[in-house]
Amino acid sequence: NCCALTLNPYTRAVCNPYSNNTKCSGVIFDSNAIMEYILKHKVDPVTGKDLKHNDLIELVMDKNEQNEWQCPVLCKRFTDYSKVV
């Protein structure tokens, strides 16, 4: 429920789909925080590899009545064990 860079709750979640060369590492960042980091350092803070803002993909999520993140299609709450594809 929080940005891996700032540890604050994210408002617009993004991730780098190529963190492990071929698949997403599962690390979620807040868009504003990671954009500032990329402008300054030009690398992925997790892997240390080159990263551009257009490498990131926005994650489409929704919030339920309890203000918890959920799948917008299934309306199921995300947990620590949820897999996003």
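Where is the place of Ser31? Let us start there and then walk through the rest of the fold.

1. **The starting point.** Ser31 sits in helix α1, which covers residues 31-41. Please keep in mind as you read that this is a predicted model.

2. **The overall plan.** The protein has one helix and five strands. If you follow the chain from the N terminus, the elements come in the order β-β-α-β-β-β. There are 85 residues in the protein, and 29% of them count as buried. Have a look at the contacts too: among those between residues at least 6 apart in sequence, 37% join residues at least 24 apart.

3. **Ser31 up close.** Is Ser31 buried or exposed? Its relative accessible area is 3%, and the cut-off for buried is under 20%, so Ser31 counts as buried. Setting aside the neighbours within four places in sequence, Ser31 is in contact with Arg12 and Val14.

4. Just after the helix, Lys42 takes a positive phi of about 60 degrees.

5. **The sheet.** Three strands make up an open sheet, in the order β2-β1-β3, with antiparallel pairing. Its edge strands are β2 and β3 (57-58), since each of these pairs on one side only. As a reminder, strands of a sheet pair through backbone hydrogen bonds, either parallel or antiparallel. Here β1 and β2 run antiparallel and are joined by two bridges. To find a bridge in the model, look at Ala13, whose partner in β2 is Asp30.

6. **Asn67 in its loop.** Asn67 is located in the loop between β4 (62-63) and β5 (69-70). Its phi is near 65 degrees, which is a positive value in a residue other than glycine. Asn67 has a relative accessibility of 52%; the cut-off for exposed is over 50%, so Asn67 counts as exposed.

7. **A lysine and a ring.** What lies over the face of Trp69? That is Lys63, at 4.7 Å from the ring centre. The structure also holds one aromatic pair.

8. **The cysteines.** A disulfide is a covalent bond between the sulfur atoms of two cysteines. How many disulfides does a search of the whole structure find? The search finds zero. Cys75 is in no disulfide, and the nearest cysteine sulfur, that of Cys71, is 7.2 Å away. With a cut-off of 2.5 Å between sulfur atoms, you can see why Cys75 and Cys71 do not count as a disulfide. Cys75 belongs to the segment after β5, and its phi is near 55 degrees, a positive value in a residue other than glycine. Another cysteine, Cys15, counts as buried at 4% relative accessibility.

Key:
Residues numbered from 1 in each chain as written. Predicted model: local features only at pLDDT ≥ 70, side-chain atom pairs only at ≥ 80, totals over all residues. Heavy atoms only, no water. Helix = DSSP H or I, 4+ residues; strand = E, 2+ residues; numbered from the N terminus. Buried < 20%, exposed > 50% of the residue type's maximum accessible area, 1.4 Å probe, protein only. Contact = heavy atoms within 4.5 Å. Pairing = 2+ DSSP bridges. Phe/Tyr/Trp six-rings, centres within 6.5 Å; stacked < 30°, edge-to-face > 60°. Lys NZ or Arg CZ within 6 Å of the ring centre and 35° of its normal.
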